[in-house]
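We will walk from one selection to the next.

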Amino acid sequence: MQELKARERGAAASTAPRPSLLRRTGRALAPLPWLAPSLALIAIVVLWPVIEMVRTSLQKISSSGVTLGYRGGGNYTDLFGEDDLVPVVLRTLLWVAGVVVITMVLSLALGQLLNARFPGRRVVRWAVIVPWAASVLMTALIWKWMLDNYSGLVNRVLLDLHVIDEPVNWLAHPGQAMLWMMWVAVFVSLPFTSFVILAGLQTIPADVYEAARVDGAGHLRTYLAITLPLLRPRSSSRRSST
């Protein structure tokens, strides 16, 4: 009897009218009005500059910024013919790797600190987010003033601590200037990545750490076996399996 009812339900479901193509299309496009502002912002801020950059790279432009006509791939031919191309690319890779690695290491430590309980934690969190909320141009100008060899704060502090004997023009030497610019990039990126890691730390259940302590795991073992794996992004299939 139950098998007969199941067959009848299956037959009724198979003979039920399917939604028309127009209705399915309407359902698929229903979220579009809600996504339109974000899509328009992405198109203006991200896609249009990329298109304009590619278009400009195919033009012949004078040093004063005047477009002299279409040049095709001549700019790319000149670029790959430059002797300084390889050193510039290597310095760029060094910049990216250094900034990313240093930012992630410091963010992991800072996120762990901000996740701990201590007096004035909320004030410290607000203070950490300030460099990210401030304008990048303003931050760059402040650091340029701080690194000034005459009136800069960095030289003043190092002189008072007797680390250096005379003021140093930090931005006059390519190696030193690159290290300081990498530090400024880390300084600007650190708050955002720290708060992202802090948000991930707050999603880790406390009973997992309690179980690790009961099993006798130390701080380093707990951090490597629990904290870091749970901070990694998990795929939807892995979530569904758990």
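Start by selecting α5 (85–115), α9 (174–202), α10 (206–214) and α11 (219–231): each of them supplies at least two residues to the lining of the largest pocket. Helices here are DSSP runs of H or I with at least four residues, strands are runs of E with at least two, and both are numbered from the N terminus. Among these helices, look at α11, which gives the most to the lining, with four residues.

A word on what you are looking at: this is a predicted model, in which local features need a pLDDT of at least 70 and side-chain atom pairs count only at pLDDT 80 or more, while totals for chains, interfaces and linings use all residues. Numbering starts from 1 along each chain as its sequence is written, and side-chain values use heavy atoms, with hydrogens and water left out.

A pocket is an open set of points on a 1 Å grid over the protein atoms alone, where a 1.4 Å probe fits, with protein on both sides within 12 Å along at least five of seven lines; lining residues have an atom within 4 Å of a point. How much space lies in the largest pocket? About 510 Å³, where grid points are joined across faces, edges and corners and the volume is the space filled by probe spheres set on the points.

Now select H162, in the loop between α8 (153–160) and α9. H162 has a positive phi of about 60 degrees, although it is not a glycine. Most residues other than glycine have a negative phi. Is H162 buried or exposed? At 68% relative accessibility H162 counts as exposed, the cut-off being over 50% with a 1.4 Å probe and protein chains only.

Zoom out to the whole protein, with its 12 helices and two strands. The average pLDDT, the predictor's confidence in each residue from 0 to 100, is 81. Confidence is highest in α5, at 90, and lowest in helix α12 (residues 236–241), at a mean of 42. Finish at residues 235–242, where the pLDDT is below 50. Where pLDDT is low, the predicted coordinates should not be read in detail.

Note on methods: Contact means heavy atoms within 4.5 Å. Buried means under 20% relative accessible area, exposed over 50%, partly exposed in between (1.4 Å probe, protein chains only).
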